[in-house]
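Me: I would like to learn how to read a model of this kind, one feature at a time. Could you take me through it?

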Amino acid sequence: MNVTKATRFGAIGIFLASAAYADGHMDAMTAEELLPLAQQEGAVTVYSFTSRIGRVEAAFEEAYPGIDLQGFDISSTEQIARLKAEAQAGVANADVIYISDVPVVLPELLETGIITPYVPPRVADRVPQEYQSPLLAQRLSTKVLMYNEAANPNGAPVDSLWDLTRDEWAARVIMVDPLQRGDYLDLMTEIVLRSDEMAQAYETEFGEAIMLDGAANAGEKFIMDLFDNDVILVSSTDDVNAAVGVIGQDNPPIGFTSYSDRRDNEDEGWALQVANSVVPAPGIIFPAILALSATPKNPAAARLVIDFLMGDETETGGPGLAPFYVAGDYVTRSDIPPHPDAVPLDEFAAWRIDPAETATIRAEIGDLILTLQ
Amino acid sequence: MSDGSISSQGRRVLFRQGTVLKIIVLALLTALIVLPLIRTVLFTLQPDTFVAWSDVLIGRLSTNLFYKPLANTLLIGVVVSTGCVLLGGFLAWLVVMTNVPYRRTIGVMATLPFMIPSFAAALAWGTLFRNDRIGGQVGWFQGLGFDVPNWLAWGIVPTLIVLTLHYFSLAFTIIAAALATVNSDLVEAAQIAGAKGRRILTGIILPVTTPALVAAGSLCFAGAVSNFATPALLGLPVRMQTLSTRLFGMIEVGQVGRGYVIGILLVLISGVFLWAGNRIVSGRRSYATITGKGGRAKRFDLRSARWPLFAIAMIILLASTVVPVIVLVASSFAPSSANLFSGWTTHYWIGTSNPSFAQGVPGIVYNADIVRALTVTLALGVAVAFTGMIVGLLASYTTARFREGWVSAAITQISFLPLLVPGIAFGAAYIAYLGAPIGPVPALYGTFALLVIAGTAYLLPFAVQTGRAVIQQVGGELEESARITGAGFVRRLAAITVPLAVRGLAAGGILIFVKIVRDLSLVVLLFTPTMPVLSVVAYRYASEGFGQFANAITVVILAISIAATLIANRLQAKSQPWLKD
């Protein structure tokens, strides 16, 4: 411990002096050039918002023996709190940050200089520009309306989000409390940002123009009606999945969850399916970000990990991408074919969030929901 | 008394009043508890976060943000603490003062519910009583054909029941320790005077155990109002919020300012209640019950009520210990949470990594992370119990012997503070406090020392409260005579107070060990990759849908806690006359 600490203190001085130069230099290196430097570093720490980092760890260590990848599965919200606290303490434990919650990440981590963007040069020409800036998106994840396929073999039991405000769905719509999970607050925020579409869908559904009744717009009106209709709030997506998905229910509820949780249908005895035809949209699709710590202890190995997580040159990206090449996750690399079992991205009707836009009214929507509870 | 003279005479006067000791203890507690909290308060007073105060207290959001959760919180605090003192007191009375059958078994079982993490008990409740409100799997009773109403499945009623069944064993521990020291002289005198059992209970035993009853009620109140897991799991589906779930939600979505304001208000409100309790105790003159003379009184003969009372005790204890443990163990073997008692596999315990099962996570026996976390957790438990009891002894000794003056009152109040601070907020405050270097002290972020210091501060209320209940009962006359014969402070403490109070101190030490070993909220922010602890590892598995691994680890935590308690009971047996027949 003492040795480590002494080394660390000694290293900080040298490191600070050379960091800017070394980092800039490394950004242009290929994986082959990074490898010997990374092997010298010997280890790399990854904070990941998904447990699938466990499988990445095994695959990475097999691909690059001699580099110990320490993967830590920490929720996005917690990562943000932790990284801020660590920055305050002048400690940088993580080298690589794998995170969602981008509307919060941009102001709290990127603009404060806690994390820094990195795009491996190898894949730079195969990731659309919108997914490279301000931070590199590895894939797109979702929070969408899912229903029980076994109980509804002919497709989704609803065709409009406004259906969820009807009496027959009272106390039968489930989601995670938007005041406890950031991505659900993003979903609510997006509904408000898309108020014009919501107003249109209202007219289509009920055959008359929407009456706002004191709500500021159609999106807020929908949220108020949804809460009036006794929407059920739970604390995790797994609770939603189990409630909606368990096979053998006569009259299962419907709920907002991750499309990719469909991959657990077989293991868990669920029949989750996305209600993709719902108007105006079944939910949101948002990026999962890969970034470097602004002061990584293992700068070369960190870059190597991001390179690895962006997939290799085989058809579906090889072992680095394998845990994320599942139905319901959309890899951002343009040369990787879409997963055959999922709705293709261009047919997937979910709204693409604009994190900067979301950030502008997110807190306001949080307040609205607070008054409804 | 002191007129400001700086002569040696004056110094002795100061010392005799315990002023030096008081100042040292106050400084220690300030450094451990007050400074980190002040940082939190200062945070909310910054120009851009100050608006959070009006949002919480007077804005259009305040009803939902603060006042409704406040009402629920107070209801929980009052009902749970009352229930705990009644249940814990009843069981303690049975075990210590009566001839109820199987006293030993009742005594051991009554300490167990507190070792079961409250979230496990809440999950167990759901497994049994969950109705079809949120769809998916229904609970056992609904499955048997009963129509479980919403009020019994979700919300305030189950929260009250689960929390009472969780915290009553805390009350039991404290009250039993106090009852065991009731001086036989008093009871015998009453018996000779012809007083009946009820008269002795209300006239002697209740009055002399008042400090323990108030301490127990206070601890249960503070624990119940800051508990997060139970109201979060059972209240959310009917949108019941408490201040702690509100605080957590606010911090989760990045509204840290509002979260801290709610946290500060939670501290203040609980503080008012505890201050009132403290006033009741310090208004009385003396609670000394262990004096230089006296022995054990005869037990009350329950006669025909022996077995009925035994049955009542066992119903309470089975509901609070055996049932949740069975559910916990079963769910560490069941691959699908939907079918708790079928298709069992030992994979989650002893399976090797298999890519097609649980995403390749090996059973906990083969998982290097978990083995390392176990080592760190045990070391942390021992270290925090040790440092906690040292600081707790100093603080409780000081306030018990030198009760007068504002410094003592301040020590008492400060030592209570951490109870009212939700662990996650305390952890955040500590990272801000000791995370960065302070003068010559290096940044402690990510070190074992930070975990120990924060854990010691966070659990100090338990050390101080249990220590105080015991020390107040060690008569000052024994120490007085030692001082007359020339023994110094340390000598008196080591030769008289500690040996006489060792039972209460050990009980406090065990409480602390168990609490830190299964604590989640405090360490969830303090843990770092190099310092993993079991509860955080379990939490990470649970939040990623690997409930079985989480439950298996929880079973390990439970086993450690129960073993600790049993070993401690065995070590104490020689000095536990109330368990002898």
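Me: How many helices and strands does the secondary structure of chain A come to?

Reply: This is a predicted model, in which local features need pLDDT of at least 70, side-chain atom pairs count only at pLDDT 80 or more, and totals for chains, interfaces and linings use all residues. Residues are numbered from 1 along each chain as its sequence is written, while chains are lettered from A and ligands numbered from 1 in the order in which they are written. Helices (H or I, at least four residues) and strands (E, at least two) are DSSP runs, numbered from the N terminus, and chain A has 13 helices and twelve strands.

Me: Is B:S304 buried or exposed?

Reply: A residue is buried if 20 or more other C-beta atoms, placed from the backbone, lie within 10 Å of its own, exposed if 12 or fewer, and partly exposed in between. B:S304 counts as exposed because it has 7 C-beta neighbours inside 10 Å, and it is found in the loop between helix 15 (256–282) and helix 16 (306–331) of chain B. In chain A, 54% of the 373 residues count as buried.

Me: At what angle do the axes of helix 9 and helix 12 of chain B cross?

Reply: Two packed helices are described by the angle between their axes and the distance between the axes. Axes are lines fitted to C-alpha atoms, for helices over the stretch in contact, with angles from 0 to 180 degrees between N-to-C directions. Here the axes of helix 9 (residues 156–179) and helix 12 (residues 210–226) of chain B cross at roughly 155 degrees and come within 9 Å. Helix 9 of chain B is therefore roughly antiparallel to helix 12 of chain B, given that angles under 35 degrees count as roughly parallel, over 145 as roughly antiparallel, 65 to 115 as roughly perpendicular and the rest as oblique.
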